[in-house]
Amino acid sequence: MNRNPMRWTALPALLGIATTLTAATPTPFTNQSRPMKARVRILAASSTSHQSFAGNQDVYLADVSVKGSDHQFVKLVDQYPGFGLPVRQDLLRNQQVFEMKVTREPECDARATEIFLRPGDSVLYDGSVRDMLNTHAADPIPCYKTLHQTIKLAKK
């Protein structure tokens, strides 16, 4: 039996090159949304998951304005590494406006009835959010994901 170790060690490198080349082309399995600059005011915190080994995720309800469009009530998902820091609570409570890049992520759209708000007012930064969710219970809420490293305070 002829075993050529060079042939097997080269195979992963060749596969890696092929994978890299195909990843650059659009596929039916990935979102084709491009990052867009947005002005964001976070209205409420929905859920959080902080796991240092698996990363962090904060889900908010927010008012988002993307250049060339009106303000939109959205579900905003902020995913970042486990060693990363969340947006400071004092900035959220003061309804600070942020600038960030976001991508439209239709696969995480949700109806208002599917949005979780923790009990109590400590997660509501704008008191009208619960009423808005009740009034528009059957309406779909578009989902956007942040590029965490691009979040900064908006210039006044």
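Arg 88 is partly exposed, because its relative accessible area is 48%, where buried means under 20% relative accessible area, exposed over 50%, and partly exposed in between (1.4 Å probe, protein chains only). This is a predicted model, in which local features need pLDDT of at least 70 and side-chain atom pairs count only at pLDDT 80 or more, while totals for chains, interfaces and linings use all residues. Residues are numbered from 1 along each chain as its sequence is written, and side-chain values use heavy atoms, with hydrogens and water left out.

**Salt bridges**

- Side chains of opposite charge can pair when their charged atoms come close.
- A salt bridge is defined as a side-chain nitrogen of Lys or Arg within 4 Å of a carboxyl oxygen of Asp or Glu, and the count by this rule is four.
- One of them joins Arg 88 to Asp 90, with a distance of 3.0 Å from N to O; Asp 90 is partly exposed, at a relative accessible area of 33%.
- Another salt bridge joins the side chains of Arg 39 and Glu 99, at 3.2 Å from N to O.
- Arg 39 belongs to strand E1 (residues 36-51) and Glu 99 to strand E4 (residues 97-104), so this pair links distant parts of the chain, 60 residues apart. Strands (E, at least two residues) and helices (H or I, at least four) are DSSP runs, numbered from the N terminus.
- Arg 39 counts as partly exposed, because its relative accessibility is 37%.
- Arg 41 also forms a salt bridge, with Asp 126, and their closest N and O atoms are 3.5 Å apart.
- Because Arg 41 lies in strand E1 and Asp 126 in the loop between strand E5 (110-111) and helix H3 (129-135), the pair ties together parts that are 85 residues apart in sequence.
- Arg 41 is partly exposed at 23%, whereas Asp 126 is buried at 17%.

- Val 87 sits in the loop between strand E3 (71-80) and helix H2 (89-93).
- With a relative accessibility of 11%, Val 87 counts as buried.
- Beyond residues up to four places away in sequence, Val 87 touches Tyr 60, Asp 78, Leu 92, Phe 98 and Ile 151; contact means heavy atoms within 4.5 Å.
- Asp 58 is 29 residues from Val 87 in sequence, and their C-alpha atoms are 9.1 Å apart in space.
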